[in-house]
Amino acid sequence: MPDSSKTGALATAAELVSGGDAVAAAGAVRQALREAYWVHHDLAAVTVVGLSGIGACLSTAETVDGKTGYLLRSEAKAMLYDLASFTWPGWGEPQIEIVERDTQLGLEAAALNLRLAEQLDKGDLPTSRARWMYGAQLMAADLYAEAEEQFTESADLAQRAGADGEAILSRAFRVLCSILAGNAAAEPAYAQVLEELRAEEEGEALVEQVVVARSVFG
């Protein structure tokens, strides 16, 4: 990410604590965070911009009431999800180098994202996705039993929300955790859940997501 763009994003983050349209400023920071990843493939910029934006959103939210405070915390949650996602090695992105400090940050971001999803009462599907992301980061940290719990809860919430494909995806990652933990007996269940996933809308892409993660972690 060019230094001028990064500086601009940080200046926008500063606007959050100095007045003006805080929610619009938060949205601009979130856009800069995503641009740093998808356009510039710059994980260092993702971290700097993300942490600045999250901190500014949460601190400003403490000074305002009602809808604005809720929206700022929601913007912080969205940035936390992105930060957790962008620091997860399981995507197998060839242009992104992820080191241990990134995964540690990603695990913390995923945990706080989940906490905010629950505190802000985001509902079944957003909370399912937050639990999936936390589970994915726990899996990256080799905390397989804890990750399986998150994927189980994620699947239940997605099913309740009527998102069958996402429920099956979470189940697939739960089985993958079991395999990564050394349970070879889970292989038939893995093959079966991938077939279920393949039958869903955009199923091939979802199956590839699981297969790529297995190649990264396995």
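Guide: A residue is called buried under 20% relative accessible area, exposed over 50%, and partly exposed in between, using a 1.4 Å probe and protein chains only. By that rule Cys 57 is buried, because its relative accessible area is 0%. This is a predicted model, in which local features need pLDDT of at least 70, side-chain atom pairs count only at pLDDT 80 or more, and totals for chains, interfaces and linings use all residues. Residues are numbered from 1 along each chain as its sequence is written, and side-chain values use heavy atoms, with hydrogens and water left out.

Visitor: Is Cys 177 buried or exposed?

Guide: Cys 177 is buried, with a relative accessible area of 0%.

Visitor: How many disulfides does a search of the whole structure find?

Guide: A disulfide is a covalent bond between the sulfur atoms of two cysteines. The search counts a pair of cysteine sulfur atoms within 2.5 Å, and over the whole structure it finds zero disulfides.

Visitor: How do I read helix packing, and at what angle do helix 3 and helix 4 pack?

Guide: Two packed helices are described by the angle between their axes and the distance between the axes. Helices are DSSP runs of H or I with at least four residues, numbered from the N terminus. Axes are lines fitted to C-alpha atoms over the stretch in contact, and angles run from 0 to 180 degrees between N-to-C directions. Helix 3 (residues 43-61) packs on helix 4 at about 160°, the axes being 9 Å apart. Angles over 145 degrees count as roughly antiparallel, so helix 3 and helix 4 are roughly antiparallel to each other.

Visitor: In which crossing does helix 3 pass helix 4, and which residues make the contact?

Guide: The crossing of helix 3 over helix 4 is left-handed, a term for a near helix turned anticlockwise from the far one by less than a right angle. Contact means heavy atoms within 4.5 Å. Among the residues involved are Val 46, Gly 50, Cys 57 and Ala 61 of helix 3, and Gly 69, Leu 72, Leu 80 and Phe 86 of helix 4. By class, this contact has 13 nonpolar, five polar and two charged residues. Ala, Val, Leu, Ile, Met, Phe, Trp, Tyr, Cys and Pro count as nonpolar, Asp, Glu, Lys and Arg as charged, and the others, Gly among them, as polar.

Visitor: What are the values for helix 4 and helix 5?

Guide: The axes of helix 4 (residues 66-86) and helix 5 (residues 100-119) come within 8 Å and cross at roughly 145°. Helix 4 passes helix 5 in a left-handed crossing. The contact includes Arg 73, Lys 77 and Leu 80 of helix 4 and Gly 106, Ala 109 and Asn 113 of helix 5. Its residues are ten nonpolar, two polar and two charged.

Visitor: Where are Asp 121 and Glu 202 placed, and what is phi for each?

Guide: Asp 121 is in the loop between helix 5 and helix 6 (124-140), with phi near 55°, a positive value in a residue other than glycine. Asp 121 counts as exposed, at 65% relative accessibility. Glu 202 is in the loop between helix 9 (187-198) and helix 10 (203-217). Its phi is near 60°, also positive in a residue other than glycine, and at 62% relative accessibility Glu 202 is exposed.

Visitor: Which residues are in contact with Met 139?

Guide: Met 139 lies in helix 6 and is buried, at 0% relative accessible area. Leaving aside neighbours within four places in sequence, its contacts include Trp 88, Phe 151, Cys 177 and Phe 217.

Notes
Helices (H or I, at least four residues) and strands (E, at least two) are DSSP runs, numbered from the N terminus. Angles under 35 degrees count as roughly parallel, over 145 as roughly antiparallel, 65 to 115 as roughly perpendicular and the rest as oblique.
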